[in-house]
Amino acid sequence: RVNGLFKALLYDHAATPGHDLSMMASKKPLLTKKGLFTCNKCGLSTSFYYFGRNWPFSKSLISLEDAYIARDPFSSDPTPLILGSHCVSCNAPVCVSPSCSVFYTKRFCVDCVQENWEEFPTEIQQEVLKLKEKDQEVSVTHKGSH
């Protein structure tokens, strides 16, 4: 059973045998910007440090998808921050915002979700509809405050 609209993107395997947390914490790889990630839906644009599943600066975490990763600016350690990935259907880069993409075994942009609506389980469809309703409420609230 899918628990909500999104599955956890990360799998923490640091507690499994053979993974020494003290060794991982002491190794701090040098982080350099690799490029610019831009969401095809909302236009979010920011630098990313890595694209992939096995992040060089966080050996204890593995992503379920190839993702654009930035360093969390609010953390003193090199904590990964998932920016987004590519839609599995149209290959567009999309951020992880619920108004831009859905993760259901793979990442889908909201346009491809709409185009393939019948392919998604009812539970996912209901979650997407709830998010749309919330977006419309926020939009109406913002229009009324101007």
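A disulfide is a pair of cysteine sulfur atoms within 2.5 Å. Keep that cut-off in mind for the cysteine stops of this tour. The model is a predicted one.

**Whole chain.** Start with the protein chain coloured by secondary structure. There are three helices and nine strands. Followed along the sequence, they come in the order β-α-β-β-β-β-β-β-β-β-α-α. Next, show the surface: the chain exposes about 9200 Å², and carbon and sulfur atoms supply 54% of this area. Of the 146 residues, 33% are buried.

**Asparagine 40.** Select asparagine 40, which lies in the loop between strand 2 (35-38) and strand 3 (45-48). Asparagine 40 counts as exposed because its relative accessibility is 52%, and the cut-off for exposed is over 50%. Leaving aside residues up to four places away in sequence, asparagine 40 touches Ala92, Pro93 and Val94.

**Cysteine 42.** Move to cysteine 42, which is partly exposed at 45% relative accessibility. Which cysteine has the sulfur closest to that of cysteine 42? Select cysteine 100: its sulfur is 3.7 Å away, so the two are too far apart for a bond.

**Cysteine 95.** Then select cysteine 95, which is buried, with 4% relative accessibility. The closest cysteine sulfur to that of cysteine 95 is in cysteine 100, at 3.7 Å, which is too far for a bond.

**Last check.** How many disulfides does the structure hold? It holds zero.

Definitions and conventions
Residues numbered from 1 in each chain as written. Predicted model: local features only at pLDDT ≥ 70, side-chain atom pairs only at ≥ 80, totals over all residues. Heavy atoms only, no water. Helix = DSSP H or I, 4+ residues; strand = E, 2+ residues; numbered from the N terminus. Buried < 20%, exposed > 50% of the residue type's maximum accessible area, 1.4 Å probe, protein only. Areas by Shrake-Rupley, 256 points an atom, 1.4 Å probe, with all protein chains shown as cover. Contact = heavy atoms within 4.5 Å.
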